[in-house]
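Please read these notes with the sequence and the model open beside you.

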Amino acid sequence: MSVETLQTATVPYGELVPVTVHFDDLDALGMLHNSRYPLLVERAWAEYWHGQGFGFDGDWAAAGDMCNVIKEMHVSYERSVTRPGSADGTETYAHGHRVLVRVDAQTLRPTPWSDRARSVAARLLRPEETDAGTEADAA
């Protein structure tokens, strides 16, 4: 058995994190079921943040920025995923956004993100979003 290294496309901003679509992710029509998109997105986000040194070891009190919840998620499906495997980064299947809120592990109330998390997240923004944030911070 051999394993090929996945060649991914370069993206103009953010980072492409491929995830694997399994046969059981497909619905009766042979397309990725719409409820699986958010799951695959969560897997990609978890891999990305883990790669940046953020993790959860089972202790919510020590989880810091990893103690967070999704406040809002929106997905717009562009085209169907019709087979198992892993994307090569050349096709866009869906667009979306989500709002993530860091919460205090004891009170479950919103709490500020660490400077480190903000710095990592800022590297994912479109250039125009970074400029707008700088202008808003200066005002």
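1. Terms for the fold. Helices (H or I, at least four residues) and strands (E, at least two) are DSSP runs, numbered from the N terminus. This is a predicted model, in which local features need pLDDT of at least 70 and side-chain atom pairs count only at pLDDT 80 or more, while totals for chains, interfaces and linings use all residues. Residues are numbered from 1 along each chain as its sequence is written, and side-chain values use heavy atoms, with hydrogens and water left out.

2. Overall layout. The protein has 3 helices and 4 strands. Along the sequence they follow the pattern β-α-β-β-β-α-α. Contact here means heavy atoms within 4.5 Å. Among contacts between residues at least 6 apart in sequence, 64% join residues at least 24 apart.

3. Accessible areas come from the Shrake-Rupley method with a 1.4 Å probe, and for residues only the protein chains shown count as cover. The accessible surface of the protein is about 10200 Å², and 53% of it belongs to carbon and sulfur atoms. A residue is called buried under 20% relative accessible area, exposed over 50%, and partly exposed in between (1.4 Å probe, protein chains only). By that rule, 17% of the 139 residues are buried.

4. The largest core. In soluble globular proteins, nonpolar side chains tend to be buried together. A nonpolar core is a set of buried Ala, Val, Leu, Ile, Met, Phe, Trp, Tyr and Cys residues joined through side-chain atoms within 4.5 Å. The largest one in this model has 8 residues: V17, A44, Y48, W49, F54, A117, V120 and L124. Helix 1 and helix 2 (115–122) are the elements that give two or more residues to this core, and helix 1 gives the most, with 3. Take V120 as an example: leaving aside neighbours within four places in sequence, V120 is in contact with Y48, W49, Q52 and F54.

5. Where does D25 lie? D25 is in the loop between strand 1 (20–21) and helix 1 (36–51). With a relative accessible area of 2%, D25 counts as buried. A polar contact is a pair of N or O atoms within 3.5 Å; within protein, one must be able to donate a hydrogen and the other to accept it, and residues adjacent in sequence count only if both atoms are side-chain atoms. The side chain of D25 reaches the backbone nitrogen of H22 at 2.8 Å. Leaving aside neighbours within four places in sequence, D25 is in contact with T20, M31, L32, H33 and R36.

6. The salt bridge of D25. A salt bridge is a side-chain nitrogen of Lys or Arg within 4 Å of a carboxyl oxygen of Asp or Glu. A search of the whole structure finds 4 of them. In one of these, the side chains of R36 and D25 meet at 2.5 Å, N to O. R36 is partly exposed, at 25% relative accessibility, whereas D25 is buried.

7. Two further salt bridges. E42 pairs with R98, and their closest N and O atoms are 2.3 Å apart. This pair links helix 1, which holds E42, with strand 4, which holds R98, across 56 residues. E42 is partly exposed, with a relative accessible area of 30%. R79 and E91 also meet in a salt bridge, at 2.2 Å, N to O. R79 lies in the loop between strand 2 and strand 3 (85–86) and E91 in the loop between strand 3 and strand 4, so the pair ties together parts 12 residues apart in sequence. R79 is partly exposed at 41%, and E91 is partly exposed at 38%.

8. An item to check. Which residue has a positive phi although it is not a glycine? L108 does, with a phi of about 60 degrees. L108 lies in the loop between strand 4 (94–102) and helix 2, and is exposed, with a relative accessible area of 60%.
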